[in-house]
Amino acid sequence: MEKKITLSKPRLSSLQIFNMSAGFFGIQFGFALQNGNASRILQTYGADVEHLSLFWLAAPLTGMIVQPIIGYYSDKTWNRFGRRRPYFLIGAVLTAIALILMPNSAAMASFLPPIIIGAGMLMIMDASINVAMEPFRALVADKLPESQRSFGFSMQTFLIGAGAITGSWLPYILSEYLGVSKVAAVGQVPLNVIYSFYVGAAVLVGTILWTVITTKEYPPEEMESYHDGAATEETKGIMSIFTDFSKMPLTMKQLGLVQFFSWFALFSMWVFTTPAIAQHIYKVAPGDTSSVQFADAGNWVGILFGVYNGVSAIYALLLPSIARLTSRKIAHAFSLTAGGLGLLSIYFITDPQLLIYAMIGVGLAWGSILSMPYAILSSSIPARKMGVYMGIFNFFITMPQIINGFFGGMIVEKFYDGKAIYAIVLAGIFMILGAISVLYIQSNQEKEA
């Protein structure tokens with residue numbers, strides 16, 4: 001019997017890698033608008049600070065369900081649009097609709113209370129972003145040889161940072177430089193936030209269309225030639241997700257602990273930064289969501305989130321070189337430590353301008369969180385199940401957020417007396433614990449960048 005020759009995937013140019021990742025710019029543009037403004041919008045509609053984390057549960061809950069299923073089906077999809085690209089398109093359209101509707105929830109108050117509609121739009125937005133995002137991770141592993149994967153994930157992280165800067169800063173730019181109102185009547189979302197969400201919807205759809213148009217996916221026969229039949233091996237249906245979960249590689253299990261600490265910290269930061277800074281630095285009274293001070297705090301949080309995303313975008317391009325000089329583990333541990341120290345420093349800061357320095361540390365952590373775990377993981381999972389395992393890996397991102405969502409607000413209310421700044425302090429501690437745990441990962445690819 002003639003032995004089948006397994007070919008090596010061709011190396012792609014930097015422009016090709018940029019094109020295949022361009023949609024991440026739009027995804028993160030929308031995600032940044034959500035991260036920087038969802039708590040502010042929900043507080044405007046009447047949510048208490050201690051209940052914010054419960055509303056934010058929409059993101060991890062939908063991600064836990066959606067990502068493995070989307071990963072499983074995208075592994076098996078092939079039609080005129082390709083393998084991963086159909087999911088990009090569906091996710092983009094649904095996310096854009098949610099971006100347009102969420103800040104306008106008050107206009108639909110005749111049907112349901114705005115807080116319910118806003119929370120529903122948040123859930124739809126999160127589910128749709130997950131539909132679009134997970135196949136992008138798998139596309140890097142589909143298209144790139146092992147030697148280019150760290151660069152591929154770093155390019156995604158660069159575009160994530162660039163999109164997040166724009167999305168985070170847009171409300172501030174509209175209000176401070178273009179004269180769009182930053183305050184509104186009680187129960188209403190300011191126009192600078194509403195217009196930012198409209199722009200985010202357009203950018204999201206446009207960039208994902210760019211990836212769909214410019215990126216060719218390998219058809220099943222060609223994928224088979226690169227993996228000696230692995231790409232077309234049959235499985236036992238969608239319930240095989242549970243079998244794959246039980247057989248996950250050791251590296252994935254060890255990364256799970258790192259992800260728990262990292263994403264618990266990130267969830268706290270996203271949910272509580274606005275009320276923490278408003279209360280701790282701007283001295284805004286609890287329950288005040290319509291004052292100029294609250295608006296200034298919310299706008300400045302957008303700028304700060306843009307700063308950490310900007311730092312992550314630049315840092316992501318340096319990470320492959322840092323990993324080659326040290327290891328992926330050392331690079332990730334250093335980055336998480338910087339993030340933890342940055343979060344802890346917020347407690348000691350009284351000048352809003354100095355918060356920029358804290359965000360530099362957070363940016364180093366964010367840049368690494370979005371690339372290094374995936375680079376470590378991609379070398380440890382079979383190519384034919386790249387999508388489903390990337391989806392399963394999302395469990396280690398969603399579970400800490402779910403735990404935080406259920407208990408984070410209660411901890412703030414019962415133990416911190418409603419002072420959200422202490423949730424940020426706890427986030428810093430958890431980020432440093434993640435840095436310690438990453439040193440215990442066992443990987444045969446530690447030196448490969």
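Predicted model: local features only at pLDDT ≥ 70, side-chain atom pairs only at ≥ 80, totals over all residues.
1. Salt bridges overall. The structure contains three salt bridges.

2. Arg85 and Glu217. Their side chains form a salt bridge, with N to O at 3.3 Å. Arg85 sits in helix α5 (residues 85-101), while Glu217 is in the loop between α8 (191-214) and α9 (220-227), so the pair ties together parts 132 residues apart in sequence. Arg85 is buried, at 14% relative accessible area. Glu217 is buried too, at 5%.

3. Lys182 and Glu176. This salt bridge has its closest N and O atoms 3.4 Å apart. Lys182 is partly exposed at 22% relative accessibility. Glu176 is partly exposed as well, at 38%.

4. Lys182 and Asp296. The side chains meet in a salt bridge of 2.8 Å, N to O. The pair links distant parts of the chain: Lys182 is in the loop between α7 (146-176) and α8, and Asp296 is in helix α12 (residues 292-325), 114 residues away. Asp296 is partly exposed, with a relative accessible area of 26%. Through shared partners, Glu176, Lys182 and Asp296 form one network of salt bridges.

5. Nonpolar patch. Leu54, Met399, Ile403, Phe406, Phe407 and Met410 make a nonpolar surface patch of about 530 Å². Helix α17 (residues 395-414) supplies the largest share, five residues. Phe407 lies in helix α17. Its relative accessible area is 44%, so Phe407 counts as partly exposed.

6. Ser437. This residue belongs to helix α18 (residues 421-438). Ser437 is buried, at 9% relative accessibility. Beyond neighbours within four places in sequence, Ser437 contacts Leu257, Val258 and Phe261.

Methods: Residues numbered from 1 in each chain as written. Heavy atoms only, no water. Patch = residues over 30% accessible without salt bridge, like charges linked within 9 Å, V, L, I, M, F, W, Y side chains within 5 Å. Areas by Shrake-Rupley, 256 points an atom, 1.4 Å probe, with all protein chains shown as cover. Salt bridge = Lys/Arg side-chain N within 4 Å of Asp/Glu carboxyl O. Helix = DSSP H or I, 4+ residues; strand = E, 2+ residues; numbered from the N terminus. Buried < 20%, exposed > 50% of the residue type's maximum accessible area, 1.4 Å probe, protein only. Contact = heavy atoms within 4.5 Å.
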